[in-house]
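Hi,

Here's the structure I said I'd pass along. Have a look at it first, then read on for my notes.

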Amino acid sequence: MTLRIEDYALIGDLQTAALVGMDGSIDWLCLPRFDSAACFAALLGDRDNGHWRLAPTEGGPCARRSYVGDSLVLESVWETATGTVKITDFMPQREHAPDLMRIVEGVHGSVEMESVLRIRFDYGSVVPWVRRADGHRVAVAGPDSVWFRSDPPVKTWGKDFATRSSFTVGEGEKVAFVLTWHPSHHPRPEIVDPHEALECSLSDWAAWSGTCRTQGPYRDAVVRSLITLKALTYAPTGGIVAAPTTSLPEGLGGVRNWDYRFCWLRDSTLTLGALLEAGYQDEAMAWRDWLLRAVAGDPSDLQIMYGLGGERRLPETELPWLAGYERSVPVRTGNAAVDQVQLDVYGEVLDSLYLARSAGRPGPLHTWNVQLSLLAFLESAWREPDEGLWEVRGPRRHFTHSKVMAWVAADRVVRTLEAEPGLRGDVERWRAMRDAVHREVCEKAYDPERNTFTQYYGSRELDAATLLIPRVGFLPPHDPRVVGTVDAVREELSTPGGLLRRYSLPGAADSSGDTDTSSTSVDGLPGGEGAFLACSFWLADALRMTDRVTEAAELFEELLALRNDVGLLAEEYDPVTRRQLGNFPQAFSHIALVTTALALAREETRR
């Protein structure tokens, strides 16, 4: 039976990550990087596409599970008729080869256990040749090799193109399994002691989590989200992937299935701000440095996303042999949106660098020249239509959010020149640009009849991204146009459960239950999607900024309740089926959670 998206938990080593189901099956793992081909792809197909199930022979989900303290070490407990057993799953931060470790421990009584390992390289399409060597099972196919062993050794055999093990654990007994990947042309990787690795992992995570400056009622939620963001960081470069998965659907059975194993510029300001405020200077500066390397070059070539190391070519491909999560096809790798024009990213980049500079981290000497070059290109480009924040695959339009972020780009350069008049730059030139953008947005993106900003010039559709207008400083929170926009978005884009969609979609019901009967959507795609969690956090922020703090806190609590049992959020939520949707876990959702929690905590302090 297919597990729900929220039935998975995340483990990782800061270079890749795995999803562990409540049934003890690891159904997703890409090696050696987040964006590598998966060797376990059952998440998007079936067990024959690769997985590793380790659980009591009698089967069934675990009785309970949790992370060990503030770590990424997962403990799952099964209670059977004959006893209780615990499995500890983790991936130690690597020195060379990536290791996936699973330690089985008898708690009381005795429990018969079973391991079924199906390695399928290249997204579940390649069955490797498996042989025995030096006490290991070694799976090889092309460039990939996996070494598998247990400590102590247990009965292991091959059947139906799977490696199977069976054993019994009694109270206090432990059996550890280690799976190690390395390039097939390299010699056998060094053997790592799993018990020592566990202690080191717990120590590393405790030290990292202990530096968090966040206090208050939401500290646990904030720390878990920060750990998740850390887990989605590709340590060698500092880049943060949007999610460790591809093609988990935004609507079950639909086509809105995208690859999120890349780094988006749209996340940059919120990520940097959250990390700085929580006390993680090193991670914040690593992200800033990744950002500077990625955007280097001709300003006209700025992309909306890049690979883990700043790679620019991310060609989109479909994998027809994978049936898709709950028959949601196509399954895609790569992302064609990389070729889109999204003018808002210039504002995101310049806002991020302004934030870093304001925090006393201006960056290398060339950073300011990069900022001026980006703004010089935007000076004329901002008047053009684009695909917008939401990566629509329909026609380009003059999206309101893109224009607002062009204003942000000019505003942050103006602010910097005003604070540091010794810097090179024509402040009057950029003030004029800032004023021109502001004037045009207020004239063409505002609907005076409804007292709201709309999704794009001349439209009647609304967009949750307009909730960011007061946050970025385009207008003050108490401006009647801002209050009207918050109210209109809340009314027209709310789902029956009170969460927000990103924008108007055909067939979607609003909070009153009325349905949009239009047949086309601005994004050019058929079908619908769930409520977008980051937008719902933005609504809580907007309510707080417009002096509706109690309502903001109540909405935030409702959003916290949507996290799964180990504190993780996907991209979206379906209030009808009450299921998480989209790639999982989603950095954008957790960044929004942290930002809203910190703002509410500041509000509480002021009171």
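Predicted model: local features only at pLDDT ≥ 70, side-chain atom pairs only at ≥ 80, totals over all residues.

Below is what turned up in the cores and the pockets.

Let's start with the packing. The largest nonpolar core runs to 197 residues, and Phe-40, Trp-52, Leu-179, Leu-226 and Trp-538 have the most contacts inside it. Helix α8 (residues 400–419) gives the largest share of that core, with ten residues. There's also a second, separate core of eight residues, with Val-73, Phe-90, Ile-103 and Val-178 among them.

Ignoring neighbours within four places in sequence, its contacts include Leu-31, Phe-40, Trp-52, Pro-98, Asp-99 and Trp-147.

Now the pockets. The largest has about 670 Å³ of space and a lining of 28 residues. Nearest its centre you'll find Thr-269, Leu-270, Gly-273, Arg-471 and Thr-595. Helices α4 (268–278), α6 (344–358), α8, α10 (469–472), α12 (533–545) and α14 (587–606) each put two or more residues into that lining. By class, it splits into 13 nonpolar, five polar and ten charged residues.

The second largest pocket comes in at about 570 Å³. Its lining counts 26 residues, and Glu-95, His-96, Ala-97, Asp-99 and Val-192 sit closest to the centre. So which element gives the largest share of this lining? That's α2, with five residues; β15 (174–183) also supplies at least two. Here the classes are twelve nonpolar, six polar and eight charged.

Asp-99 is worth a look in both contexts: it touches Leu-179 and is listed among the residues closest to the centre of the second largest pocket.

Cheers

Key:
Residues numbered from 1 in each chain as written. Heavy atoms only, no water. Core = buried A, V, L, I, M, F, W, Y, C linked by side-chain atoms within 4.5 Å. Buried < 20%, exposed > 50% of the residue type's maximum accessible area, 1.4 Å probe, protein only. Helix = DSSP H or I, 4+ residues; strand = E, 2+ residues; numbered from the N terminus. Contact = heavy atoms within 4.5 Å. 1 Å grid on protein atoms, 1.4 Å probe; cavity = no way out; pocket = protein on both sides within 12 Å on 5 of 7 lines; lining within 4 Å. Points joined across faces, edges and corners; volume = space filled by probe spheres on them. Nonpolar A, V, L, I, M, F, W, Y, C, P; charged D, E, K, R; others polar.
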